[in-house]
Every structure is written in C-alpha cells, then in structure tokens.
Amino acid sequence: MSKNKLTIVIILVALLVIIAIVWWRWSIAQKSNIQSVAPINTSASADKAVLPGGNKINAENKVVTAEGAPVKSDVMPNSPEAPKAVVVEPKKLSEAVVKIEVGNNKFSPASFTVKAGAPVSLAFSSVDKKVHVITFSDPSLAALAFGVGSGQIKAMSFNAPSAPGSYEFHCDVPGHKATGEIGTMIVE
Ligand SMILES: [Cu+2]
C-alpha cells in the first residue's frame, strides 16, 4: 500500500518535472520568436529615400521623418515635422525626381503635374548667379520652402496635397516673383 503511494508520488513528481521542462522550453521559444519579430526597424529600413539624405518613403507611400512619422506640409519650414531640404549632386538625381530650373526670371518648366496624395520629390537648381527662395503660396504647403544657392541643387520629398487643384509656387526673394519666377504644381 505505502509502496503504491510512493510510486504514485514519484510519477506525479516526474510529471511535474516534465511539465516544468516543457513550459520552460516553450517560454524560451516564445521569447526568441518575439525577438525575431520585434525589430520594427526591419520595415523602417525597407523605407526608401528618393533623395540621398532626404526623407524616406514608407510602404504606404508616406514621406516620413527619421522617427517614422509622416512629414507635415503645413508646419514651419525646417521644423522637425517638416520635409527636409537637402543639397543633391546632379548625378544623384534619379528619374523619379521632378527637376525644375530657377533663374533668369523664370522657372523651367514652370509647371508640373502630380497625383493627389502621392509622394513627390522636387528639385530646384539655380541656373543664374543668384540665390532663390522656393515658396508655395498656399499656407497648407508652408513647410515646402527653402533657399537655393547659385549653382546649387536643392530638393525635398513630400506628399502631394490630397485635394486636386493648382498650387502656385514662386521665388520669395524680393522682386523675383514680379520678374516671372512663378510656377504651378498641378495636383490631379
Ligand atoms: Cu529668385
């Protein structure tokens, strides 16, 4: 009788040990699973920058900050949430970049067309001996403003407005707009 009891106790203890080991192995497996899934940065590193050193574009076609938050076009230029203006070498401008020359009293081309909400990478090159200040007139695009030095190419990536329409841009250096430095971004 007591021998049977002892056997039962031994079996129970053995079962408990087995359960403990299985649970322990399982919890280790869970932890390593979590670790292999955890780096959200894996998707962040898949984000692509059209402009070298510029804001990246995520899988949802949103232009994002270094922290992964969508950039905002209606904030102060150069603020942390604003698209970043970057100097780009001519050779590093990819096919995807909209290229506009500014200088000699005009933008060339003076208009370009983008899809509503789509990511846009826009580059301005100063082709005369002057500094130009690219500015969009609509307050909703206040963040899309930057200066371009003589001979320089400067660019930024941003999401086009979601509302179709014509959005005027001009050079904000006093007198330049009046001489013809004015253009249009058409959103369809
Ligand atoms: Cu100008």
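Trainee: Which residues touch the most other members of the largest nonpolar core?

Mentor: In this predicted model, the largest nonpolar core holds 32 residues. The strands β3, β5, β8, β9 (132-136), β10 (146-148), β11 and β12 (165-171) each supply at least two residues of this core. In soluble globular proteins, nonpolar side chains tend to be buried together. The members that touch the most others are Val102, Ala123, Phe124, Ile134, Ala155, Met156 and Phe158.

Trainee: With which residues is Ala155 in contact, leaving aside its neighbours within four places in sequence?

Mentor: Ala155 is among the core residues that touch the most other members. Strand β11 covers residues 153-159 and is joined by bridges to β8, residues 119-126. The contacts of Ala155, with those sequence neighbours left aside, are Leu51, Gly54, Val86, Val88, Val97, Ser121, Leu122 and Ala123.

Trainee: What is the bridge partner of Phe124 in β11?

Mentor: Strands of a sheet pair through backbone hydrogen bonds, either parallel or antiparallel. In β11, the partner of Phe124 is Lys154.

Trainee: What is the bridge partner of Val102 in β8?

Mentor: Val102 is one of the residues that touch the most other members of the core. Strands β5 and β8 run parallel and are joined by five bridges. In β8, Val102 has as its bridge partner Ser126.

Trainee: Which residue in the turn of the hairpin of β5 and β6 has a positive phi?

Mentor: Most residues other than glycine have a negative phi, and most peptide bonds are trans. The hairpin has two residues between its strands, and Gly103 has Lys106 in β6 as its bridge partner. The residue in the turn with a positive phi of about 50 degrees is Asn104.

Trainee: Is Asn61 buried or exposed?

Mentor: Asn61 also has a positive phi, of about 65 degrees, although it is not a glycine. Its place is the loop between β2 (56-57) and β3 (63-64). Because Asn61 has 11 C-beta neighbours inside 10 Å, it counts as exposed.

Trainee: What is the omega of the peptide bond from Ser108 to Pro109?

Mentor: Ser108 lies in strand β6, and Pro109 is in the loop between β6 (106-108) and β7 (111-114). The peptide bond that joins them is cis, with omega near -5 degrees.

Trainee: How far apart in space are Ser108 and Ser125, C-alpha to C-alpha?

Mentor: Ser108 is partly exposed, with 13 other C-beta atoms within 10 Å. Leaving aside its neighbours within four places in sequence, Ser108 is in contact with Ile100 and Glu101. Ser108 and Ser125 are 17 residues apart in sequence, and their C-alpha distance in space is 9.9 Å.

Key. Residues are numbered from 1 along each chain as its sequence is written. This is a predicted model: local features need pLDDT of at least 70, side-chain atom pairs count only at pLDDT 80 or more; totals for chains, interfaces and linings use all residues. Helices (H or I, at least four residues) and strands (E, at least two) are DSSP runs, numbered from the N terminus. A residue is buried if 20 or more other C-beta atoms lie within 10 Å of its own, exposed if 12 or fewer, and partly exposed in between; C-beta atoms are placed from the backbone. Two strands pair if DSSP finds at least two bridges between them. A nonpolar core is a set of buried Ala, Val, Leu, Ile, Met, Phe, Trp, Tyr and Cys residues joined through C-beta atoms within 7 Å. Two residues are in contact if their C-beta atoms, placed from the backbone, lie within 7 Å.
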